[in-house]
Amino acid sequence: MKTLVFSIALSTLFFAACNNGTTNNESTKEPSSAANNQKAPAAPGSPTEELVNDYLQLKDALAKDNDKDAAAAGNKMVKAFNNFDKTSLTPEQAKVYNDIEEDAKEHAEHIGANAGNIEHQREHFETLSEEIYELVKSAGAGQKLYYTHCPMYNNNKGANWLSGTKEIQNPYLGQAMSTCGTVKEELN
Amino acid sequence: MSRIKIILLVVLLVFILIQFIRPVRDENGQASPDQIGKVYAVPENVNAVLRASCYDCHSNNTDYPWYAEIQPAGWWLASHIRRGKSELNFDRFGEYSKRRQDSKLKSIANSIEDGTMPLPSYAFIHTDAKLSKKNKMLIKNWIKATRDSLSKKK
């Protein structure tokens, strides 16, 4: 009886150990290939380019009511903050960046962690948008951006976002009110 | 011995053994120099509500229930407290950048409004932590006033 119990315990331990081993191998392989993929499109441009691109992806996902894509874009943004190259900024621009970095990264993290709760993602997106606006206003975006206002979000308190196109695709109200909003400012 | 007896004995043994693995308690006892009351005006009634409803998981001083002494309940509490403090720690509020303080205040108001905080499972056991409508308004008004004063300073 006892030997049976022990042999079952041992064999489960053994299998568990095996399983761990294989999953570890797989997970160590993944990052290297991902890193290779990322290197390819890194063309020289504005230092904020990666952040802005990820932000616009996040905005598009929210406009389409897609919480999963929004979370993925949020996680990409966290990486973009971690890899951000501050050396190419002027002291003035670096000051703006340092001011927003910690908070903006936290908003991106929360968006990444909240697939399934799109309203919560939008709450974080609201402040994140203000911070990215301040950053691109100071350091440029490497592309034309439209600073757009939605008067209806949050019980008519209103909120802003940045878009790469003049055409309105509202990330706060999603498909329900997709064309609600007006361009407040064009950033070159 | 029958199989059931052996299994019960093993379970009991494991239960006794895990009692010796005790998480570090979240009890500082001292007033922190970075606590929220040093950076913003926190009226006494607001402070009392925050202490009753939030401080168990969002400060350096948890008021532990008796079952924290029993594992694995103590581990479960410790993991909640660790997560809670990493999101928001009222005793370290002054260490956050101004922007983060503002974001934290906004998140507090939102989570109270949405009813995600205090955690429903926590409020179920700690009935004194449950926020009444009046106390919800009290906290939200205090946050609004504090955030307004923040945006004026900018």
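In chain A, strand E1 (residues 145–150) pairs with strand E2 in the antiparallel sense, over five bridges. The model is a predicted one. Within this pairing, A:Tyr147 has A:Leu162 of E2(A) as its bridge partner. A:Cys150 stands opposite A:Ala159, also in E2(A). Strand E2 of chain A spans residues 159–163. This strand is mostly covered, with four of its five residues buried.

The pair belongs to an open sheet of three strands in chain A. The order is E2-E1-E3, and the pairing is antiparallel. E2 and strand E3 (182–187) of chain A each have a single partner strand and stand at the edges, so one side of each lacks a neighbour in the sheet. From one strand to the next, the twist averages 25°. Helix H5 of chain A packs on this sheet and touches E1, E2 and E3 of chain A. The direction of H5(A) makes about 50° with that of E2(A).

H5(A) also packs against another helix. Helix H4 of chain A covers residues 91–113, and H5(A) covers residues 118–139. The two pack at an angle of about 160°, and their axes are 9 Å apart. Angles over 145 degrees count as roughly antiparallel, and H4(A) and H5(A) are therefore roughly antiparallel to each other. The crossing of H4(A) past H5(A) is left-handed. On the H4(A) side, the contact includes A:Glu92, A:Val96, A:Tyr97, A:Ile100, A:Asp103, A:His107 and A:Ile111. On the H5(A) side, the residues include A:Gln121, A:Phe125, A:Leu128, A:Glu131, A:Ile132, A:Leu135 and A:Ala139. The residues of the contact between H4(A) and H5(A) divide into 11 nonpolar, seven polar and four charged.

Chain A also meets chain B. Eight residues of chain B are in contact with 10 residues of chain A. On the side of chain B that touches chain A, the elements giving two or more residues are helix H1 (3–18) and helix H6 (98–114) of chain B. H6(B) provides the largest share of that side, five residues. By residue class, the side of chain B that touches chain A divides into one nonpolar, three polar and four charged.

Definitions and conventions
Residues are numbered from 1 along each chain as its sequence is written. Chains are lettered from A and ligands numbered from 1 in the order in which they are written. This is a predicted model: local features need pLDDT of at least 70, side-chain atom pairs count only at pLDDT 80 or more; totals for chains, interfaces and linings use all residues. A residue is buried if 20 or more other C-beta atoms lie within 10 Å of its own, exposed if 12 or fewer, and partly exposed in between; C-beta atoms are placed from the backbone. Two strands pair if DSSP finds at least two bridges between them. Axes are lines fitted to C-alpha atoms, for helices over the stretch in contact, and angles run from 0 to 180 degrees between N-to-C directions. Angles under 35 degrees count as roughly parallel, over 145 as roughly antiparallel, 65 to 115 as roughly perpendicular and the rest as oblique. A crossing is left-handed if the near helix is turned anticlockwise from the far one by less than a right angle, and right-handed if clockwise. Two residues are in contact if their C-beta atoms, placed from the backbone, lie within 7 Å. Ala, Val, Leu, Ile, Met, Phe, Trp, Tyr, Cys and Pro count as nonpolar, Asp, Glu, Lys and Arg as charged, and the others, Gly among them, as polar.
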